[in-house]
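Please examine the sequence and the structure shown below.

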Amino acid sequence: MKVIDTIKELKSLLGECRAAGKSIGLVPTMGALHAGHASLVERAVKENDVVVVSVFVNPTQFNDKNDLEKYPRTLEADCALLEKVGAAVAFAPSVQEMYPVEDTRQFSFAPLDTVMEGACRPGHFNGVAQIVSKLFYAVEPDRAYFGEKDFQQLAIIREMVRQLSLPLEIVGCPIVRESDGLAMSSRNTLLSADERERALTISSALFASVDFAKVNTLEATKAFVEDIINDTTGLELEYYKIVDGDTLQEIKEWSDSDYAVGCIALFCGNVRLIDNIKYKGGE
Ligand code: AMP
């Protein structure tokens, strides 16, 4: 595996691959890699001749400076994992390399980006679109892989690709969870032992709500999850919304959509976590 830190070198290597008729897969990440990331890379390796994994903590998508500073950075371990799962290239550029000048582009994916994470983290999806579009221009992949863990991000990337008419396929991959159910996240490493235990309430509430939903209204199901989180010391709910999986807009009744997804964001201590669960559709 090659570790590359400039776009020039990356383009030169990938140009040779393309000339040799090889397909290229891209997995964008912010590093501190875990089995969730590995599942995306493994899928990309199966479906492409050459897989590039970008490892870049993108400053423009952090609306909280403190969150950016404490974000875990583990490049050496990341490269070891990527080598093991068969990536051909780890692309780990500097901030200067990706942003030689300020990126003043303003994206709008309304109404996809005005709700949930978009409402709670102003500018977040604009930063995501800035970096992901730059990565798409640098790599020109045939396919790019994103996790359903960041459900809203996946919908917005699909919309960005449509808006920019980019010739690539976006592949969504299922959430990988710890054996006890907690959705894997680079931020989990920031949890204390106590917080880690409390965080388990998130996935257990979501799983329990799927059974609850079978015999209860959407409103009652939403309240079911909200009450469990609100009753857990140390968890502070930011939102729980049951939305249409395509439009990301809230639905009021189960009959309002064939694709219903519950999306949650909360603080566990100082660590912000997100998760989601499908109630119907989306297979
Ligand atoms: P991040 O490094 O957190 O920006 O994530 C990079 C990519 O990995 C994104 O497409 C995420 O949705 C995906 N990802 C992160 N955690 C998981 C997980 N537990 N399961 C599946 N995909 C994930």
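T201 is found in helix α9 (residues 193–214); helices (H or I, at least four residues) and strands (E, at least two) are DSSP runs, numbered from the N terminus. This is a predicted model, in which local features need pLDDT of at least 70, side-chain atom pairs count only at pLDDT 80 or more, and totals for chains, interfaces and linings use all residues. Residues are numbered from 1 along each chain as its sequence is written, and side-chain values use heavy atoms, with hydrogens and water left out.

- T201 counts as buried because its relative accessibility is 17%; buried means under 20% relative accessible area, exposed over 50%, and partly exposed in between (1.4 Å probe, protein chains only).
- A polar atom of the T201 side chain lies 2.9 Å from the backbone oxygen of R198. A polar contact is a pair of N or O atoms within 3.5 Å; within protein, one must be able to donate a hydrogen and the other to accept it, and residues adjacent in sequence count only if both atoms are side-chain atoms.
- Leaving aside neighbours within four places in sequence, T201 is in contact (heavy atoms within 4.5 Å) with I228, I229, T232 and L235.

**The ligand and its shell**

- Which residues come nearest to the ligand? Of the 17 residues around the ligand, they are H37, G147, D150, V176 and M184; a residue is near a molecule or strand if one of its heavy atoms lies within 4 Å of it.
- A polar side-chain atom of H37 lies 2.9 Å from an oxygen atom of the ligand.
- For G147, a backbone N or O atom lies 2.9 Å from an oxygen atom of the ligand.
- For M184, a backbone N or O atom lies 2.8 Å from a nitrogen atom of the ligand.
- On its own the ligand has 480 Å² of accessible area, of which the protein covers 93%. Accessible areas come from the Shrake-Rupley method with a 1.4 Å probe, and for residues only the protein chains shown count as cover.
- At least two residues of the shell are supplied by each of β2 (24–29), α2 (35–47) and β5 (143–147), and the largest share, 3 residues, comes from α2.
- By class, the shell has 9 nonpolar, 6 polar and 2 charged residues. Ala, Val, Leu, Ile, Met, Phe, Trp, Tyr, Cys and Pro count as nonpolar, Asp, Glu, Lys and Arg as charged, and the others, Gly among them, as polar.

**The two sides of helix α4**

- Helix α4 (residues 75–85) has D78, C79, L82 and V85 as buried residues.
- Seen down the axis of α4, these buried residues fall within an arc of 135°, so they line one face of the helix; the arc is that of the directions from the helix axis to the C-beta atoms.
- Turned away from that buried side is the face of α4 that carries the exposed residues E76 and K84.
- The cover over the buried residues of α4 includes β1 (2–4), α2, β3 (50–55) and β4 (89–91).
- Just after α4, G86 takes a positive phi of about 95°.

**Backbone geometry in loops**

- Most residues other than glycine have a negative phi, and most peptide bonds are trans.
- A110 and P111 are joined by a cis peptide bond, with omega of about 5°, and P111 lies in the loop between α5 (95–98) and α6 (117–120).
- A32, in the loop between β2 and α2, has a positive phi near 50°. At 10% relative accessibility, A32 counts as buried.
- L248 is placed in the loop between β7 (235–244) and β8 (260–268), and its phi is positive, near 65°. L248 counts as buried, with 1% relative accessibility.

- F125 has its place in helix α7 (residues 124–139) and counts as buried at 5% relative accessibility.
- Not counting residues up to four places away in sequence, F125 touches D113, E117, G118, Q152, Q153 and I156.
- Q130 is also found in helix α7 and counts as buried at 4% relative accessibility.
- The side chains of Q130 and T60 are joined by a polar contact of 3.1 Å.
- Beyond residues up to four places away in sequence, Q130 touches T60, Y99, D103, R105 and F107.
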